[in-house]
Amino acid sequence: MAPTNLQTQAPVDLAAADAVIDSYQADKSWLVMILQDIQEAYNYLPQPVLEHVAVRLALTPSHVYRVATFYASFSLTRRGRHLILICDGTACHLRGAENLQEELTRRLGVAPGQTTADGLFTLETVACLGACALAPVMMIDGTYFGKLTSEKIVAALERFAAKEAPDA
Ligand code: FES
């Protein structure tokens, strides 16, 4: 059941949220766009920010929460800087997706739905990535990795981790 009163948790800098809200003149009819831009700024929708959005747009917190939970593209939990989607649909499953998912879990130290301690990667499973001919498939930040193997997983993780290196 959706909470009717969003509790403030860890302190969150609201400046980025205010900048987004201001760019839409705090117009509540732009709520979905505002939440999209805020998610882009924070990489997810922190609860204190949702509460702040409600105050700024003169909406109830439960209304903002309902909208934030209605769209699958919104995340209310902290996400890593890179989102890994490993497909577990039928075509991918038949071609060994389960073992590849285990490989990802082992290498990242997180189960699907979790984010690595360094905040670099979030791992999710999906029912189909729409590229069954390339099964097994994973996607990182919108980039497809088809006919996936353990070697391709290692190379992809190294490539995305390298992007975060100080002199990358
Ligand atoms: S089942 Fe994996 S991409 Fe369709």
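Axes are lines fitted to C-alpha atoms, for helices over the stretch in contact, and angles run from 0 to 180 degrees between N-to-C directions. Helices (H or I, at least four residues) and strands (E, at least two) are DSSP runs, numbered from the N terminus. The model is predicted: local features need pLDDT of at least 70, side-chain atom pairs count only at pLDDT 80 or more, and totals for chains, interfaces and linings use all residues. Residues are numbered from 1 along each chain as its sequence is written, and side-chain values use heavy atoms, with hydrogens and water left out.

**Chain layout**

The chain has 7 helices and 4 strands, in the sequence order α-α-α-α-β-α-α-β-β-β-α. Its C-alpha trace spans about 50 × 40 × 25 Å along the principal axes. Domain 1 covers 15-70 and domain 2 covers 82-162; such bounds come from an automatic or database domain assignment. The C-alpha centres of domain 1 and domain 2 are 30 Å apart.

Of the 168 residues in the chain, 39% are buried (under 20% relative accessible area; exposed is over 50% and partly exposed in between, with a 1.4 Å probe and protein chains only). Contact means heavy atoms within 4.5 Å. Among contacts between residues at least 6 apart in sequence, 63% join residues at least 24 apart.

**Helix pairs**

Two packed helices are described by the angle between their axes and the distance between the axes. The table gives these values for two pairs.

| Pair | Axes come within | Crossing angle |
|---|---|---|
| Helix 1 (residues 15-23) and helix 2 (residues 31-42) | 9 Å | roughly 150° |
| Helix 6 (residues 97-108) and helix 7 (residues 150-162) | 10 Å | roughly 35° |

By class, the residues are 6 nonpolar, 1 polar and 2 charged. Here Ala, Val, Leu, Ile, Met, Phe, Trp, Tyr, Cys and Pro count as nonpolar, Asp, Glu, Lys and Arg as charged, and the others, Gly among them, as polar.

Ala15, Ala16, Ala17, Val20 and Ile21 in helix 1 meet Ile34, Asp37, Ile38, Ala41 and Tyr42 in helix 2. These residues divide into 9 nonpolar, no polar and 1 charged.

**Two residues**

Isoleucine 86 lies in strand 1 (residues 82-87). With a relative accessibility of 1%, isoleucine 86 counts as buried. Not counting residues up to four places away in sequence, isoleucine 86 touches Leu100, Gln101, Leu104, Leu123, Glu124, Thr125, Val126, Val137, Met138 and Leu148. Leucine 14 is 72 residues from isoleucine 86 in sequence and 33 Å away, C-alpha to C-alpha.

Leucine 76 sits in the loop between helix 4 (61-70) and strand 1. Its relative accessible area is 23%, so leucine 76 is partly exposed. Beyond neighbours within four places in sequence, leucine 76 contacts Tyr44, Leu45, Leu50, Tyr65, Ala68 and Thr69. A distance of 30 Å separates the C-alpha atoms of leucine 76 and leucine 148, which are 72 residues apart along the chain.
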